[in-house]
Amino acid sequence: MSLKLSQQPGNVPEVADDGIWLECIECGETFAPFEAVRYTCDDCDGLLEVRYDDLPTWDDFEGRGVWRYNAALPFEEGVSLPEGDTPLHEVPRLEESVGVHRLRIKHEGMNPTGSFKDRGMTVGVRVAEELGVGRLACASTGNTSAALAAYGARAGLETLVLLPEGKVAAGKIAQASLHGARILEVDGNFDSCLDIVQDLAARGEAYLLNSLNPFRLEGQKTIGLEILERFYEDEGRYPDRIVLPVGNAGNTAALYKAFRELVASGALHPRDVPKLTGVQAEGAAPMVEAVENDADEIRRWDEVETKATAIRIGNPVNAPKALPGIRETGGTAVSVSDEAITSAQRALAREGIGVEPASAASVAGLQKLREQGVVDADEDVVCLTTGHLLKDPDAAFEAGDDPESVPNDTDAVLRHLEG
C-alpha cells in the first residue's frame with residue numbers, strides 16, 4: 001500500500017508560510033496559504049491540499065477536541081465552541097446482527113451544532129479571520145449551513161447560506177436562522193446552489209466555506225485521528241475498516257489525508273491504514289458508479305433524490321481526492337435503498353444512538369457489504385454517523401413507533417399495557 005504525500009519532509013517551497021503551503025493535487029503547483037483567497041489551482045483549476053513541513057506523530061497531540069491535533073492543523077487554536085471528542089460507541093446487539101468481530105459507531109452528531117461540519121468550520125472560520133474577509137458563504141443540504149451560521153456568529157462575521165428550496169430538513173434551517181445567517185432558498189438542487197456560491201466567491205462577494213475549501217478538510221481529518229487513537233486505546237489495535245456516508249466526499253478525502261500524513265511521519269504503518277468504504281443512497285450515487293466502473297472521474301447526476309437529505313448530492317466536488325482514498329486503502333463504495341437506511345436508523349436507535357437518515361447509511365452499507373461477503377466476519381469496523389437525530393425530526397418520527405392513545409385513567413392504562 002502506497003500512501004505517501006507528494007512532498008518529502010524538509011522540501012519546503014519558497015511560498016510556504018511558517019512551514020505551511022497549498023499544493024495542487026493535479027499539477028503540483030504550490031501557493032502561499034494566506035496571501036490571497038484561493039480555492040483551486042490558478043494554473044489548472046485542480047483541487048488544493050494543505051501541506052506541512054513538520055508532519056506530526058502521536059506524541060505531538062495533547063489537550064481535548066479538534067485543537068488537540070493543532071500540530072496537524074494550520075493554527076494553534078481556532079474559532080471554537082468547542083468541537084470534537086465525540087463518542088466511539090459500542091453496539092453489541094448490532095455488532096452481533098451484522099456479524100463482524102468488532103463494530104463501533106463514531107457519533108459525530110454529538111458536536112455543538114449536531115454534525116461533523118463543526119470540525120471543518122472551527123478551522124475554516126479561523127482562516128477567514130486570517131484572510132480578513134467580510135462575508136462567509138456556503139451551499140448546503142442543511143448541516144453545513146447550521147455549522148457555518150454558528151461559527152460565523154461566534155466570530156462576528158456576516159453569513160450567507162444557499163439552500164435547495166423545499167429539500168432541507170426544518171431542524172437545520174431553524175439552526176441557521178437562529179444563529180443569524182441570511183438564508184436564500186434556490187429553485188434547484190444542492191449542486192445548483194454550489195455553482196452559485198462558487199460564482200459569488202469568484203467575484204469576491206463572499207468567502208466560500210464548502211468542502212471545496214481545502215482548510216475545511218483539515219478540521220475534518222481530526223475525525224480519523226480520533227478514531228485511530230480511541231480504537232487503539234480500547235482494543236490495542238487499529239480498525240480494519242471505516243465505513244462512512246458520502247455526499248460531497250469531504251470526509252473520505254479528509255480521512256485519507258490524515259492517514260497519509262501519519263504514514264509519512266512514521267506514526268502509522270501502511271498495513272494499519274483502515275480501508276475507507278463509502279456509502280451513498282441509491283438515488284444519489286455518482287461516487288459508487290465511478291468505483292464500480294473503475295472510472296477516474298465521476299459523472300454528475302443532475303437528478304438526485306433520497307430521504308437522506310444530507311447526502312442528496314449529485315456532483316461530489318472532492319471526488320478527485322476521495323476516489324484515490326477508497327482505492328489505495330483497499331476500500332470500496334456501495335449504494336443502499338432508502339428503506340435500508342431507515343432500517344439501519346431504527347437499529348442504531350435501539351442501541352440508544354439517535355442519528356439522521358444520512359448517518360445511518362454507513363450502517364446500512366456495512367450490512368449490505370457483509371451480506372455480499374465483501375466485509376469479512378473477522379473484521380474490526382467503525383461506522384461514521386455524521387448528524388444527530390434531531391437534525392431531521394420529521395424523518396425520525398416516520399421511522400419511530402406511533403404514539404398509542406389511552407383513556408385518562410390509570411387502570412385503563414394498565415389494561416392497555418397488558419393487552
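This is a predicted model: local features need pLDDT of at least 70, side-chain atom pairs count only at pLDDT 80 or more; totals for chains, interfaces and linings use all residues.

Q: Why is Asn-251 called buried?
A: Asn-251, which is found in helix H8 (residues 250-265), has 5% relative accessibility. Buried means under 20% relative accessible area, and therefore Asn-251 at 5% counts as buried. Leaving aside neighbours within four places in sequence, Asn-251 is in contact with Phe-116, Gln-220, Ile-223, Leu-244, Leu-384 and Thr-386.

Q: What makes S7 largely enclosed by the rest of the structure?
A: Of the seven residues of S7, six are buried, so the strand is largely enclosed by the rest of the structure.

Q: How do you know that S6 and S7 pair, and in which sense?
A: Two strands pair if there are at least two bridges between them, and S6 (residues 135-139) and S7 (residues 158-164) are joined over five bridges in the parallel sense; they therefore count as paired. Within this pairing, Arg-135 stands opposite Glu-158 in S7, while Ala-137 stands opposite Leu-160 in S7. The chain crosses from S6 through H3 to S7 in a right-handed β-α-β crossover.

Q: Why are S8 and S9 called edge strands?
A: Four strands form an open sheet in the order S8-S7-S6-S9, with parallel pairing. Strand S8 (182-186) and strand S9 (207-208) each pair on one side only, and are the edge strands of this sheet.

Q: What makes up the largest nonpolar core, and which element gives the most to it?
A: The largest nonpolar core has 52 residues, and those with the most contacts inside it are Val-125, Val-127, Leu-136, Leu-148, Tyr-207, Leu-209 and Phe-215. Among the elements that each supply at least two of its residues are strand S1 (20-24), strand S3 (48-52), helix H3 (143-155) and helix H5 (190-202), while H2 gives the most, with six residues.

Q: Which residues is Leu-136 in contact with, leaving aside its neighbours within four places in sequence?
A: Leu-136 is in contact with Val-125, Ala-128, Leu-148, Gly-152, Leu-157, Glu-158, Thr-159, Leu-160, Tyr-207 and Leu-209. A second, separate core has 29 residues, including Val-98, Val-279, Leu-366 and Leu-369.

How values were computed. Residues are numbered from 1 along each chain as its sequence is written. Side-chain values use heavy atoms; hydrogens and water are left out. A nonpolar core is a set of buried Ala, Val, Leu, Ile, Met, Phe, Trp, Tyr and Cys residues joined through side-chain atoms within 4.5 Å. Buried means under 20% relative accessible area, exposed over 50%, partly exposed in between (1.4 Å probe, protein chains only). Contact means heavy atoms within 4.5 Å. A crossover is right-handed if, with the strands pointing away from the viewer, the path from the first strand over the helix to the second runs clockwise.
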